[in-house]
Amino acid sequence: MAGFGAENSVAPQELLVDGPFSHVPIHTRGVRLHAAVAGNAGDPLMVLVHGAFGGWFDWLEVIGPLAAAGVRVAAIDLRGFGASDKPPSGYDIRHATGDIKGVIAALGAQRAHLVGYGTGGAICWALAAAYPDKVSSLVSVAAAHPTDMRRAAACRPWAHVTPLVRSALVRSPGTTFSDRAAVVAGLDLRENTTQMFHQTASYARQYRLRRLNGGVAKVSRSIVKTARLELAPVPPAWPSTITDCPVLFVRDDLANWRSLQQRAARRCGGGLSPLVVPASRNMPHLENPAEFTRAVGEFVHGLPPSTAG
């Protein structure tokens, strides 16, 4: 496919695939963000936040099932990604959390359940600490609070080679990484999923969508800037030590994630429930969507009424 993945060669509309949801623009904080929305307006809101190398389509397999389980789902494209606006600035942790806070308000909700993968999960952790009244619960998928990730990497760098190398690359001078962001997005998908998943049609579709996303004008720049947030310092004025909402900590069953779980548990005033989803690595929402949806639904519906949405 000539030009596949080359920046400026892809129209954002090519990423708006059909499914049991509607593609809607959400206007907040002076930008227009795209979201795939499903579910009844009266149900509790759940916002799905993708990682630095993906887009709203990361959640393609679970949007409909989660809505059927009784929540109103909004899978967003972060600022600078996919069909969302791509302003030249605003790619720091303050703007990222503020954008999601604005999405919650724009969709008419007082608060929301947050589900975040990777860097998207780091953003959700920061939002839960900065705006606890806006977060009913947090589902953290292969993610940690940026402060916890930074401290863990400093203490045991050999156990966190991937985030450290990625952080160094996206902060390096020049445009080499940015020029190859679409390729790296495909490699990131392969690295974080199982060999069995690589043989499926779902993997092929996700790989194609990631490469297309990286070919949309200015998205590669946004990938580089957003990837930095995984280890970003949080503003000192934020209450970043305790997260009051209940947390479902979805992780791979490896030593580095068990260590991060211990750090996360110390941060969670609302309680932390660990979860290892079978037949998956770091992206169970793609690799085992049925089990992921079941676990998230049970978690949300098992919350006390004061935090249920």
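This is a predicted model: local features need pLDDT of at least 70, side-chain atom pairs count only at pLDDT 80 or more; totals for chains, interfaces and linings use all residues.
1. A search of the whole structure finds zero disulfides.

2. Cys124. A disulfide here needs two sulfur atoms within 2.5 Å. Cys124 is also buried, at a relative accessible area of 0%.

3. Cys245. This residue takes part in no disulfide either; the nearest cysteine sulfur to its own is that of Cys268, 7.1 Å away. Cys245 is buried, with a relative accessible area of 7%.

4. Nonpolar core. The largest nonpolar core counts 94 residues. Val47, Leu48, Trp56, Trp59, Ile63 and Leu114 have the most contacts inside it. Among the contributors to this core, helix α3 (residues 119-130) gives the most, with seven residues.

5. Trp59. Leaving aside residues up to four places away in sequence, Trp59 touches Leu48, Val49, His50, Ala75, Val115, Gly116, Tyr117, His285 and Phe292. Of these partners, Leu48 is also listed with Trp59 among the core residues with the most contacts.

6. Cavities. How many cavities of 30 Å³ or more does the structure hold? There are two.

7. Cavity lining. Leu78, Arg79, Gly90, Tyr91, Ala96, Asp99, Thr226 and Leu229 line the largest cavity. By class, the lining divides into four nonpolar, two polar and two charged residues. Arg79 and Asp99 are the charged ones.

Definitions and conventions: Residues are numbered from 1 along each chain as its sequence is written. Side-chain values use heavy atoms; hydrogens and water are left out. On a 1 Å grid over the protein atoms alone, a cavity is a set of points where a 1.4 Å probe fits but cannot get out, and a pocket is an open set with protein on both sides within 12 Å along at least five of seven lines; lining residues have an atom within 4 Å of a point. Grid points are joined across faces, edges and corners, and a volume is the space filled by probe spheres set on the points. A nonpolar core is a set of buried Ala, Val, Leu, Ile, Met, Phe, Trp, Tyr and Cys residues joined through side-chain atoms within 4.5 Å. Buried means under 20% relative accessible area, exposed over 50%, partly exposed in between (1.4 Å probe, protein chains only). Helices (H or I, at least four residues) and strands (E, at least two) are DSSP runs, numbered from the N terminus. Contact means heavy atoms within 4.5 Å.
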